[in-house]
Amino acid sequence: MSARVRISLGLAVATGAAAALFIVDDAYLMRIATLGAIFAILALGLNLTAGHLGLFDFGYILYFGIGGYTTALLTLRAGWSWEAALVASVLMSVAVGLLVGVVVLRLRGPYFVIATFSFLTVAYYVAINWKEVTNGPLGLIGLPAPAFNLPAIGRVEALDPAGALAIALTGLLIAVAVVWRVVESGAGRAWHAIRDNEDLAASVGIDATAYAFLALAVSAGLGGLGGSIYAGYVGIVTPEIFAFGHMVNVLLMVVIGGTGTFLGPIVGAFLVETVPELLRVAESFRLPIFGLLLIAAILFAPQGVVSLRPWRALRAGRPRVPPVPPVEEGPA
Amino acid sequence: MTDAPLLAVQGLSRRFGGLVALDDLTFAIRQGELVSLIGPNGAGKTTAFNLIAGFLAPTSGRVVYAGRDLTGMAPHRRARLGLVRTFQQAAVFGDQTAVDCVVAGSHVRAEAGIQAGFFGTPGARRDEASRYEAALEVLRLCGLDSRATSRASDLPYGEQKVLGIAIALASRPRLLMLDEPTAGLNAVESESVSAILDRINEQGVTVFVVEHDMRVVMGLSDRVIVLDHGQVIADDTPDRVRADDAVIRAYLGDFDIA
Ligand SMILES: Nc1ncnc2c1ncn2[C@@H]1O[C@H](COP(=O)(O)OP(=O)(O)OP(=O)(O)O)[C@@H](O)[C@H]1O
Ligand SMILES: [Mg+2]
């Protein structure tokens with residue numbers, strides 16, 4: 001299957017699944033799908049740096065939190081609408097991303113990992129201690145539900161599960177479009193060149209610093225988008241939005257789905273959100289089983305589940321055409 | 001102005017701790033020349049390339065290219081001016097196919113179209129297609145067309161080395177500096193690389209090449225610069241360099257210069 005066919009197929013499956021969710025109209029399923037869609041936005045964002053550029057942003061959740069807090073502060077303290085706060089949250093995250101970039105983009109490898117993680121840690125403690133603004137560990141409560149006008153559908157509000165899902169999916173759609181176009185624009189080629197051999201990229205004129213800033217800015221913006229939708233959806237923002245658990249989750253989504261691929265992070269996000277729910281039947285064995293599944297995924301699909309080609313395995317299992325017998329060499 | 005050299009290296013020195021890798025290096029290369037840089041192992045050839053291309057900062061001295069002082073300029077900006085180098089160890093974009101590697105090499109030539117690329121305009125798509133065509137053409141020139149869709153890191157070492165040259169060529173250099181392009185190549189590949197150098201030089205690209213294969217050096221070069229212990233000990237035509245006493249002494253026991 002060509003990439004084009006695979007992406008069309010993916011879109012068809014996604015549309016079908018979304019339609020089924022709205023038709024079945026089950027609050028529990030829609031809640032899982034809503035979180036899946038929100039975290040898919042984040043996984044897409046992290047994949048820009050970790051997958052395409054090859055710099056592993058271990059503090060990526062920073063932008064999720066910045067988006068969440070910006071939305072909470074603007075709606076609760078300044079009386080902004082959620083829509084306006086969403087736009088501001090994205091811009092704010094991009095701005096923070098560029099500032100963080102000034103420091104971290106001088107670094108490579110483990111130093112980059114440590115520096116990005118340090119920024120996340122700083123943000124976590126600022127959120128806890130800057131009580132006048134963040135209200136400390138108690139957080140900001142009672143955000144207005146996300147709502148906006150969709151063309152052809154009308155006003156959508158996240159007050160009911162279907163509205164929330166519609167809003168999260170709209171956000172995901174925007175994220176997919178942005179990532180797809182940025183990667184296809186030629187920036188993707190430059191990122192891959194930098195990832196694969198930075199000196200060689202420089203030797204043919206590719207400006208690694210400029211392209212790294214571009215990747216970080218777009219990825220931070222997506223983090224802010226996800227954070228703003230999440231904050232509106234759950235209605236509360238606490239310092240836990242910067243929690244390392246979110247970071248691990250998003251990381252798993254990217255790695256399990258397929259680092260540096262287009263569909264991988266999205267598939268990974270829905271898998272990581274869904275599988276633990278499916279495992280609820282196993283009760284207290286739920287998390288150990290999930291852990292084993294993760295190990296299996298990494299062992300059997302080290303390039304991510306979207307790199308698996310089950311139809312190839314099927315073909316390999318079928319008996320092959322017998323090899324052509326060697327031509328007998330007659331006496332000279 | 002027309003007589004000004006394309007590249008002028010002026011009093012370039014580089015120390016690594018106590019080691020003087022390059023000592024007051026001075027030479028010039030004129031537009032259209034094919035110049036070889038030779039010298040025993042550790043003479044400082046790669047260091048000289050790193051300084052000229054901006055991958056290392058000199059301890060003192062400067063590099064003037066096309067009338068511009070390049071001091072402090074980043075490597076990618078030098079490459080944009082047409083000053084492009086290859087690497088002694090094969091360097092490719094390992095995860096990508098050979099043709100994608102070469103397309104990446106032409107990235108800067110297409111960069112104006114990045115915004116158009118974002119919106120996927122028909123012009124941008126035509127651009128992409130023509131870069132791909134051009135990349136295939138470069139692969140053909142380098143004899144790698146049959147490898148176009150192979151993963152770069154799966155190619156044998158010699159072919160990765162040649163792919164490195166193809167990537168550099170795709171950026172349309174004005175001065176191409178090659179660091180031992182035939183090292184690690186078999187006789188046939190070696191032959192084809194010298195033919196490529198000859199050909200691009202004829203097309204007007206100035207070529208500066210570190211080379212160990214004396215047949216390549218003597219057959220191709222307009223001029224040979226000999227480096228020993230970080231200093232230029234000869235800078236002359238191949239014939240005269242071959243007869244130079246200091247050069248023979250530097251190479252004695254190293255390898256056969258005849
Ligand atoms: N980054 C570095 N740090 C310390 N010493 C270095 C470094 N790079 C080169 N050197 C030293 O500088 C000297 C010149 O090295 P260089 O690689 O330029 O030689 P060369 O002429 O290219 O040799 P070869 O023919 O082996 O490629 C050597 O003694 C080398 O050990
Ligand atoms: Mg060398």
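A cavity here is a set of points, on a 1 Å grid over the protein atoms alone, where a 1.4 Å probe fits but cannot get out, and lining residues have an atom within 4 Å of a point. Keep in mind that this is a predicted model, in which local features need pLDDT of at least 70, side-chain atom pairs count only at pLDDT 80 or more, and totals for chains, interfaces and linings use all residues. Side-chain values use heavy atoms, without hydrogens or water, residues are numbered from 1 along each chain as its sequence is written, and chains are lettered from A and ligands numbered from 1 in the order written.

The lining consists of L12(B), L51(B), P58(B), G61(B), R62(B), V63(B), L70(B), T71(B), G72(B) and R78(B). Strand β4 (residues 60-65) of chain B contributes the most, 3 residues; strands are DSSP runs of E, at least two residues, and helices runs of H or I, at least four, numbered from the N terminus. By class, the lining has 5 nonpolar, 3 polar and 2 charged residues, where Ala, Val, Leu, Ile, Met, Phe, Trp, Tyr, Cys and Pro are nonpolar, Asp, Glu, Lys and Arg charged, and the others, Gly among them, polar.

For context, there are 2 cavities of 30 Å³ or more. The largest holds about 60 Å³, and its lining includes L200(A) as well as F87(B) and I165(B).

Methods: On a 1 Å grid over the protein atoms alone, a cavity is a set of points where a 1.4 Å probe fits but cannot get out, and a pocket is an open set with protein on both sides within 12 Å along at least five of seven lines; lining residues have an atom within 4 Å of a point. Grid points are joined across faces, edges and corners, and a volume is the space filled by probe spheres set on the points.
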